[in-house]
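Thanks for making time this morning.

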Amino acid sequence: MKMIGRILACLCYAGPFSLLAAEKPNIVFILADDLGFGDVGCNGATRVQTPNIDRIAKEGISFGNAHTTSSTCTPSRYGLLAGEYPWRKNGTGILPGDAALIIDPEKASLPSMLQRAGYRTGVVGKWHLGLGDGRIDWNQRIAPGPKEIGFDYSFLVPATGDRVPCVYLENQQVAGLDPAYPIAVSYKDPIGDEPTGAAHPELLRVKPIRGHRQHDGSIVNGIGRIGYMSGGKAARWNDETMADTLVAKAEAFIKESRQEPFFLYFSTHDIHTPRVPHPRFRGKSPMGVRGDAIVQLDWCVGELLNLLDSLGLGTNTLVVFSSDNGPVVTDAYDDGAAESLGDHKPAGPFSGGKYTIQEGGTRVPLLIRWPGRIAPGTTSAALVCQVDFLASLAALTGTELSAGDAPDSVDVLA
């Protein structure tokens, strides 16, 4: 089947860029969270403005028939990084915050393949692929994780923004942890003496949907989370500054890696719930907090594009922008997103969205910029899937894959 796929790819090749690059390009893969096909201007959005995301399409290629392997986050990210359909492996559904690592360190992954090709590799942002062996002590070094599957540097939201622990993990350790206030985490029963959303709903500034009990655990920044945690207060993130923090870490990685080929997997939290954009983005769209979070996401993209260009790296950097699955408007929190939607269609012309088997669940934006290699303003109707990035980038970098690696990834570089 892989050979048939390669033959079809060659037959369908329309040649938007040359494959004769004498040097390996830097690769920046920006993966948004819960962003629908119709949530960006280049795919028809008008009620929210995304000039920086649209710039990638204007200066590169826009795919109209691009898909994830799944309509939820953990399995789609697994497919992207492992080159394997998630249904082949048990335990690749939506993971709790204390799940074990689900990507096999003994097999090739997207970062380990690029590491072998001579790249410095980094991941910044949402992870949600499990950590450790299932018995995590958040006060110690946590492994296996990103390092064991090929990332030289990591700065993570360990699971998702609505799950405990609400701390960042940098290079296998909780960032900013005060040992005098150790972290304890439970996904079964309340822990410690801090208030929970179930017991003290009056303390919540972002309310859960009436009758929805999933997010009534520990309250962090006035927001109820899935699960319970105690301690680690000095290390806890601030939801409003999360985008700024992740951009700063991504920019630092680019600056530190500029003298060698690098691969950055920048996995944003926007526009996943809880949607709490920075105050400077509030009211920047007529679509409430979901629209404001899209504006914040677009700012993040613009910051990285501008940095690449200012450092003289833009020409030899392959920038990919996509999303982990289709859109969801109201998801556990009563944030007014549905009431503010207006005539905006998050999935564009497609039915369904996140969690569904309909096309809107997996069809996502896919925009790629590589100046001098991809003609600006190019569009493609080719059927492509994120599972194929591993084999395609292996071909681009001249890296061989072993027989058992990335079993579902096909070279569709053309």
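Predicted model: local features only at pLDDT ≥ 70, side-chain atom pairs only at ≥ 80, totals over all residues.

The partner of D309 is R55, with which D309 forms a salt bridge whose closest N and O atoms are 2.3 Å apart. R55 lies in helix α2 while D309 lies in helix α6, which spans residues 288-310, so this pair ties together parts that are 254 residues apart in sequence. R55, for its part, has a relative accessible area of 19%, and since the cut-off for buried is under 20%, R55 is classed as buried.

Let me turn to a second pair, in which the side chains of K126 and D33 meet in a salt bridge with an N to O distance of 2.7 Å. Here K126 belongs to strand β4, residues 120-126, and D33 sits in the loop between β1 (26-32) and α2 (51-58), so the contact ties together parts that are 93 residues apart in sequence. Are K126 and D33 buried or exposed? Both residues are buried. They also belong to a network of salt bridges, in which D33, R77, K126 and D324 are linked.

E359 is partly exposed, at 35% relative accessible area, whereas R363 is buried, at 11%.

As for the total, the count comes to 24 salt bridges, and the pairs I have described are among them.

Key:
Residues numbered from 1 in each chain as written. Heavy atoms only, no water. Salt bridge = Lys/Arg side-chain N within 4 Å of Asp/Glu carboxyl O. Helix = DSSP H or I, 4+ residues; strand = E, 2+ residues; numbered from the N terminus. Buried < 20%, exposed > 50% of the residue type's maximum accessible area, 1.4 Å probe, protein only.
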